[in-house]
Amino acid sequence: MHPNEFAVDATYSMKLSDQLSIGASGRLNHSDLTNGQNVGETQTTKAANSIAADLGLYYQNDLGKGNSFALGAMISNIGAKLSYSDDDTKKEFLPANLRLGGRYTTDIDEFNQINVLLDINKLLVATPPVQEDGESDADYTRRYLDYTNLGSVQSAIQSLYDAPGGFSEKLQELQLSCGVEYWYNKTFAARLGYFYEHANKGGRQYLTVGAGIKYNVFTFDLSYLVPTTKFSTNPLSNTIRISLGINFGKESKK
């Protein structure tokens with residue numbers, strides 16, 4: 001069996017002013033996890049296809065004296081549900097997300113710069129119903145059918161208030177990321193970051209360390225992920241990630 005997935009994106013962005021810009025993306029998703037294998041005696045699986053969209057907003061401003069800040073917001077992966085079987089009534093929600101982030105930059109002097117970053121992520125998928133004590137099978141089935149019939153937009157809205165444990169559980173669903181980045185002469189970078197997810201919502205918690213080099217149109221980045229919990233389920237734990245980038249644009253000279 002050779003499971004595979006891919007996505008094709010098209011993105012458009014527009015600058016509304018010197019400080020504000022927006023962007024939107026359309027995406028075609030293809031997910032083939034089973035290669036048509038049978039489940040049980042009657043159900044045949046198939047590849048799932050879906051279309052989705054992202055919408056983002058970005059604002060930045062110069063505070064003077066080498067200080068600046070930026071704020072961003074994005075809703076991603078809002079789109080049609082996926083079906084992996086011939087029974088199209090059994091569909092899965094795409095992992096839609098709401099992400100809010102901010103950056104504060106200070107130039108210590110001509111050669112040294114520090115960026116401080118914070119990112120908050122919320123999964124925009126409605127919570128599946130759980131059969132309550134004393135609830136009849138018929139009532140639970142009705143609630144579950146109502147859940148499966150939700151559209152992607154309805155699911156995203158419902159995910160903002162449907163946690164069984166109320167507001168305290170809703171706060172547990174927030175994933176937090178923070179980091180500090182240091183640049184020397186806009187050429188060498190050192191980075192330190194931390195990711196937190198509540199133990200009741202997956203429990204992924206890890207530290208990241210990294211470095212980068214920028215030379216002419218090329219950038220080279222290296223990072224290492226270190227789990228901070230005893231039982232880590234992240235498949236990238238204790239791994240090194242390397243990336244190489246090429247900038248084909250030209251910076252304007254003032």
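This is a predicted model: local features need pLDDT of at least 70, side-chain atom pairs count only at pLDDT 80 or more; totals for chains, interfaces and linings use all residues.
A strand, as I use the word here, is a DSSP run labelled E of at least two residues, numbered from the N terminus. I looked up Asp-54 with that in mind, and Asp-54 is found in strand E5.

**Entry: Asp-54**

Is Asp-54 buried or exposed? I read 13% relative accessibility for Asp-54. Buried means under 20%, so Asp-54 counts as buried.

Next I asked which residues Asp-54 is in contact with, leaving aside its neighbours within four places in sequence. I found Gly-23, Ala-24, Ser-25 and Arg-27 on the list. Ile-75, Ser-76 and Asn-77 are on the list too.

I then checked Ala-24. Along the chain, Ala-24 and Asp-54 are 30 residues apart. Their C-alpha atoms are separated by 5.5 Å.

I looked at polar atoms as well. The side chains of Asp-54 and Arg-27 make a polar contact at 2.4 Å. A polar atom of the Asp-54 side chain also lies 2.8 Å from the backbone nitrogen of Asn-77.

**Entry: aromatic pairs**

How many aromatic pairs does the structure hold? I found six. I wrote up two of them.

One is Tyr-59 with Phe-69. I read 6.0 Å centre to centre and 50° between the planes, and the pair is tilted. Where do the two residues lie? Tyr-59 is in strand E5, residues 48-64, and Phe-69 is in strand E6, residues 67-79. The pair therefore ties together parts that are ten residues apart in sequence. I checked accessibility next. Tyr-59 has 29% relative accessibility and counts as partly exposed. Phe-69 has 22% and also counts as partly exposed.

The other pair is Tyr-144 with Tyr-147. Their ring centres are 6.1 Å apart. Their planes stand at 40°, so I put this pair down as tilted. Both residues lie in helix H1, residues 137-148. They are three residues apart, about one turn of the helix. I read a relative accessible area of 37% for Tyr-144, which is partly exposed. Tyr-147 has 12% relative accessibility and counts as buried.

Which residues form one aromatic cluster? I listed Phe-93, Tyr-140, Tyr-144 and Tyr-147.

**Entry: a charge over a ring**

I ended with Lys-214. What does its charged end sit over? I found the ring of Trp-183 there, with the charged end 5.1 Å from the ring centre.

Note on methods:
Residues are numbered from 1 along each chain as its sequence is written. Side-chain values use heavy atoms; hydrogens and water are left out. Rings of Phe, Tyr and Trp (its six-membered ring) pair if their centres lie within 6.5 Å; planes under 30 degrees apart count as stacked, over 60 as edge-to-face and the rest as tilted. Helices (H or I, at least four residues) and strands (E, at least two) are DSSP runs, numbered from the N terminus. Buried means under 20% relative accessible area, exposed over 50%, partly exposed in between (1.4 Å probe, protein chains only). A charge sits over a ring if NZ of Lys or CZ of Arg is within 6 Å of the ring centre and within 35 degrees of the ring normal. Contact means heavy atoms within 4.5 Å. A polar contact is a pair of N or O atoms within 3.5 Å; within protein, one must be able to donate a hydrogen and the other to accept it, and residues adjacent in sequence count only if both atoms are side-chain atoms.
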